[in-house]
Amino acid sequence: MQQLTSEQHIVIHHREEVPSAVLSLESFGRQNGIPSVSINQFRLILVELLHNILKHGFDDDVPTKVTIQLKLYDKGRFSIKISHRGLAFNPFEHTLAGYRRFENDPTIDTLSLHLARKYMDQSTYRRALDHN
């Protein structure tokens, strides 16, 4: 079993806070010796997923809280967990081909899904107690 070596929690409420979340991710990565190329990949994924969550996951009049949990384990395993009480949506249950039907619809953002699939070794979705 892998041991947790470092952990950080980030909370954002608005799209304007995404850059500060990214800075926290980059700082966490540098402090823990994560290679720059990996930090850049995680940054791309995080930015796209957060923008997608904040754009599509909430009604405009509902208070928003998105929590990002960064964890580093021994043997170099790194995980990002994003949780929020937005609309239920499992981004990983569809294949990319399933999303091609949306390519002419500018309101559907699939870049984050593509990046997550391309750069992550594993991705999962769970909805429990009204949390994604």
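This is a predicted model: local features need pLDDT of at least 70, side-chain atom pairs count only at pLDDT 80 or more; totals for chains, interfaces and linings use all residues.

Colleague: Is Ala 21 buried or exposed?

Modeller: Buried means under 20% relative accessible area. The relative accessible area of Ala 21 is 0%, so this residue counts as buried.

Colleague: How are α1 and α2 oriented to each other, roughly parallel or roughly antiparallel?

Modeller: Two packed helices are described by the angle between their axes and the distance between the axes. Here the axes of α1 (residues 18–31) and α2 (residues 36–56) come within 10 Å and cross at roughly 155°. Angles over 145 degrees count as roughly antiparallel. The two helices, α1 and α2, are therefore roughly antiparallel.

Colleague: How many residues of the contact of α1 with α2 are nonpolar?

Modeller: From α1, the residues that meet α2 include Val 18, Ala 21 and Leu 25, while Phe 42, Leu 46 and Leu 50 are among those on the α2 side. The contact also has 2 polar and 3 charged residues, and its nonpolar residues number 10.

Colleague: How far apart are the end C-alpha atoms of α2?

Modeller: At 1.5 Å a residue, the 21 residues of α2 should span 30 Å. The model agrees with that, as the end C-alpha atoms of α2 are apart by 30 Å.

How values were computed: Residues are numbered from 1 along each chain as its sequence is written. Side-chain values use heavy atoms; hydrogens and water are left out. Axes are lines fitted to C-alpha atoms, for helices over the stretch in contact, and angles run from 0 to 180 degrees between N-to-C directions. Helices (H or I, at least four residues) and strands (E, at least two) are DSSP runs, numbered from the N terminus. Angles under 35 degrees count as roughly parallel, over 145 as roughly antiparallel, 65 to 115 as roughly perpendicular and the rest as oblique. Contact means heavy atoms within 4.5 Å. Ala, Val, Leu, Ile, Met, Phe, Trp, Tyr, Cys and Pro count as nonpolar, Asp, Glu, Lys and Arg as charged, and the others, Gly among them, as polar. Buried means under 20% relative accessible area, exposed over 50%, partly exposed in between (1.4 Å probe, protein chains only). The expected span of a helix is 1.5 Å times one less than its number of residues.
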